[in-house]
Amino acid sequence: TDEENKKQNAKIKIEKIRDLLPFVQQTGEGWRVIVIEPAEALNLASSNALLKTLEEPGERVVLILLADHYLKLPATIRSRLQHFALDRISYEQATSYLNEHLAEIASVPPELLLGLSNDMPLQAVEIATSDWFAKRQSFLEDWTKVVNQKNMPLFYSAKWQKELNFSDFMMLLEYLLGDLICVKLNQPQKNIDLQFDQLAQNYNLESLFSLYEELQRSKRLVEQNVQTQLITDQLFIKLMNV
């Protein structure tokens, strides 16, 4: 539903930051600790609203911003923070964690999940239990049909809008598109259990990079409240038109 899509693509809006100010400014005993996660979800307006608080937080006030992608934070925010980078755990530790926490899907190779998650086990668990992960092969087959037959892009668009919410669909498409580019560049692919050779014959690198650019533009359109149905329809048409 549209409500689901909005929730999936929510940003931390300026109103949420303004709601923090009374808490930050109040006086009293004890420390006040504010945790913002994921910090990358701050938009331009909410980031600007946070700047003064970051500069002068007051006594016994601690603001903690958690980010998977530190460089995605605006430079104005980064310049006002102390940066603590957490070290990655070893591959053996990550594999052990997956084997312990994903016993119910033991048939999925840990190396596949760790490849998709860049060796981050918490994200690997999230991927393994996501709706889109189990549907990769099915989508790859439909994508191949669309581009080979040059027909019915809106049919397949409607089908996948029922199969996955917009956020999961975009995640699925971005992972597969990234691997398709890797195949064309003779680089290792992340989805090691999928075959991309047949699909790759339909695209050159220029068209794949154009698709990737379109996918990123689609994410921005959602933030501007463009209907996800329209965005998905346009993506399937672009997948077909090579």
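These notebook entries record what I looked up in a predicted model of one protein chain.

**Entry 1. The chain overall**

I began with the secondary structure and found 13 helices and two strands in the protein chain. I then took the extent along the principal axes: the C-alpha atoms fill a box of roughly 70 × 45 × 30 Å. Of the 242 residues, 38% count as buried. For the surface, I noted that the chain exposes about 14,700 Å², and that carbon and sulfur atoms supply 51% of this area. I also looked up the contacts with a sequence separation of 6 or more; residues 24 or more positions apart account for 67% of them.

**Entry 2. Helices α8 and α9**

I turned next to helix α8, residues 136–149, and helix α9, residues 153–163. Their axes lie 10 Å apart, and the packing angle is about 165°. An angle over 145 degrees counts as roughly antiparallel, and α8 and α9 are therefore roughly antiparallel to each other. I recorded their crossing as left-handed. Which residues make the contact? On α8 they are S138, F139, D142, K145 and V146; on α9 they are Y156, K159 and W160. By class, the residues of this contact divide into four nonpolar, one polar and three charged.

**Entry 3. Helices α10 and α12**

I examined a second pair, helix α10 (residues 166–184) and helix α12 (residues 205–223). The axes of α10 and α12 come within 10 Å and cross at roughly 160°. That angle makes α10 roughly antiparallel to α12. The crossing of α10 and α12 is left-handed. From α10, the contact draws on F166, M170, L173, E174, L177, L180, I181 and K184. From α12, I noted L205, L208, F209, L211, Y212, L215, Q216, S218, K219 and V222. I looked up the classes here as well: the contact of α10 with α12 has 13 nonpolar, two polar and three charged residues.

**Entry 4. Residue L172**

Is L172 buried or exposed? Its relative accessibility is 0%, so L172 counts as buried; the cut-off for buried is under 20%. I then asked which residues L172 touches, leaving out those up to four places away in sequence. They are W132, K135, R136, F139, W160 and L164. For W132, I looked up the separation from L172: 40 residues in sequence and 6.0 Å in space, C-alpha to C-alpha.

Methods:
Residues are numbered from 1 along each chain as its sequence is written. This is a predicted model: local features need pLDDT of at least 70, side-chain atom pairs count only at pLDDT 80 or more; totals for chains, interfaces and linings use all residues. Side-chain values use heavy atoms; hydrogens and water are left out. Axes are lines fitted to C-alpha atoms, for helices over the stretch in contact, and angles run from 0 to 180 degrees between N-to-C directions. Helices (H or I, at least four residues) and strands (E, at least two) are DSSP runs, numbered from the N terminus. Angles under 35 degrees count as roughly parallel, over 145 as roughly antiparallel, 65 to 115 as roughly perpendicular and the rest as oblique. A crossing is left-handed if the near helix is turned anticlockwise from the far one by less than a right angle, and right-handed if clockwise. Contact means heavy atoms within 4.5 Å. Ala, Val, Leu, Ile, Met, Phe, Trp, Tyr, Cys and Pro count as nonpolar, Asp, Glu, Lys and Arg as charged, and the others, Gly among them, as polar. Buried means under 20% relative accessible area, exposed over 50%, partly exposed in between (1.4 Å probe, protein chains only). Accessible areas come from the Shrake-Rupley method with a 1.4 Å probe; for residues, only the protein chains shown count as cover.
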